[in-house]
Structure formats: C-alpha cells, structure tokens
Amino acid sequence: GKPPPTPLRALLSAADHRPPTPPRSMAPMDRLPKGILPEGIMPPPGTDIMEFCRQLAESGAEFAEQFDRSSEKFHNGITTPVPMGGARVPESMGGDPAAADWRSLPEAQLAIEEDFGPEYHAAMAAHKRLGDCKKAISVLNKPVEMVMR
C-alpha cells in the first residue's frame, strides 16, 4: 500500500477537511477599513459605507476600462496612434497645417527681466551695504563682549 503520511501531509490533509469558518456578522459598517481614504479624511456622517465602497469599486473599474484595449471606452474609441517626431500636429491640438513647421518658430524668452529704474537700484545697493555692515558688527560683538568682561 500507501506510505504512512508524513507530518506535513497530515497537516495539509487535516487543513483540507476543517469545518468552514462561520460567516462574519453582516451588521452595517459605520466606518471605512483602514487605507481606503487618506489618513484623517472621513466620509460625511450618515454615509452608507457599503454603498460608498461599491461606488468606489465601480469608479475604479470605469477608470481602468479606458486603458483596456478590448474595451470600447479605450481612449474614448479613438484608435489613431499618436504621431511621433513632430511631423504632424494632431487634430485635437489644432491640426493647423501651417503649425506643422513648428520647429522654425522663434523660441520664447524664458523670463522678462524687469527694470525698476535707478532709484530702485540705489535703494537695493544701500540695502546690501546695510546688510554687510550688520554682518561686520555681529562678527565684532563676541570679541568685544569678551574684552568688556
């Protein structure tokens, strides 16, 4: 016959024949399980938690469906591949044939340098001198304090 069961086999076969665990209470939930919403965010009082979870799951499924290639909601049904390399401007971005030569357009200036005039520059120079003076005084404070003691 059969070889005697090893302790592991005995454990596994016993686990297969355990009585089913009794179902958990189906009492209505009054709060969401941890990790569903960010820490500190709670649904409004009186929210049906089970309905909230159903709607959350349905919303997640609808979101994922737009990325499923076999779904008719995949990219809202638009299957045209995105043009690469800048040879053509997509219709959704204007599609103007004149804009196809976008590489010849001048580059936009990154930032506009504002000039507030000579009074501003004089005031900023005085402000810098005042800051430098304060630094020099703070450097001298410690040695002067030590001498005064």
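Lys-128 and Asp-132 both lie in helix H3 (residues 118–148), four residues apart, about one turn of the helix; helices (H or I, at least four residues) are DSSP runs, numbered from the N terminus.

User: What should I know before I start reading?

Analyst: This is a predicted model, where local features need pLDDT of at least 70, side-chain atom pairs count only at pLDDT 80 or more, and totals for chains, interfaces and linings use all residues. Residues are numbered from 1 along each chain as its sequence is written, and side-chain values use heavy atoms, with hydrogens and water left out.

User: How do I read a salt bridge, and how many does the structure hold?

Analyst: Look for a side-chain nitrogen of Lys or Arg within 4 Å of a carboxyl oxygen of Asp or Glu. The structure holds three salt bridges. In one of them, the side chains of Lys-128 and Asp-132 meet at 3.3 Å, N to O. Glu-51 and Arg-54 meet in another, at 2.9 Å, N to O; both lie in helix H2 (residues 49–65), three residues apart. Arg-149 also forms a salt bridge with Glu-145, with the closest N and O atoms 3.1 Å apart.

User: Is Lys-128 buried or exposed?

Analyst: Buried means under 20% relative accessible area, exposed over 50%, and partly exposed in between (1.4 Å probe, protein chains only). Lys-128 has a relative accessible area of 53%, so this residue is exposed. Arg-149 is exposed because its value is 73%.

User: How do I read a pair of aromatic rings?

Analyst: Such a pair is described by the distance of the centres and the angle of the planes. Rings of Phe, Tyr and Trp (its six-membered ring) pair if their centres lie within 6.5 Å; planes under 30 degrees apart count as stacked, over 60 as edge-to-face and the rest as tilted. The structure holds two aromatic pairs. One of them joins Phe-63 and Phe-67, edge-to-face, with 5.4 Å centre to centre and 70 degrees between the planes. Phe-63 is exposed, at 51% relative accessible area.

User: And how many disulfides does the structure hold?

Analyst: A disulfide is a covalent bond between the sulfur atoms of two cysteines. The test is a pair of cysteine sulfur atoms within 2.5 Å, and the structure holds zero disulfides. Cys-53 is partly exposed at 22%, and Cys-133 is partly exposed at 40%.

How values were computed: Helix = DSSP H or I, 4+ residues; strand = E, 2+ residues; numbered from the N terminus.
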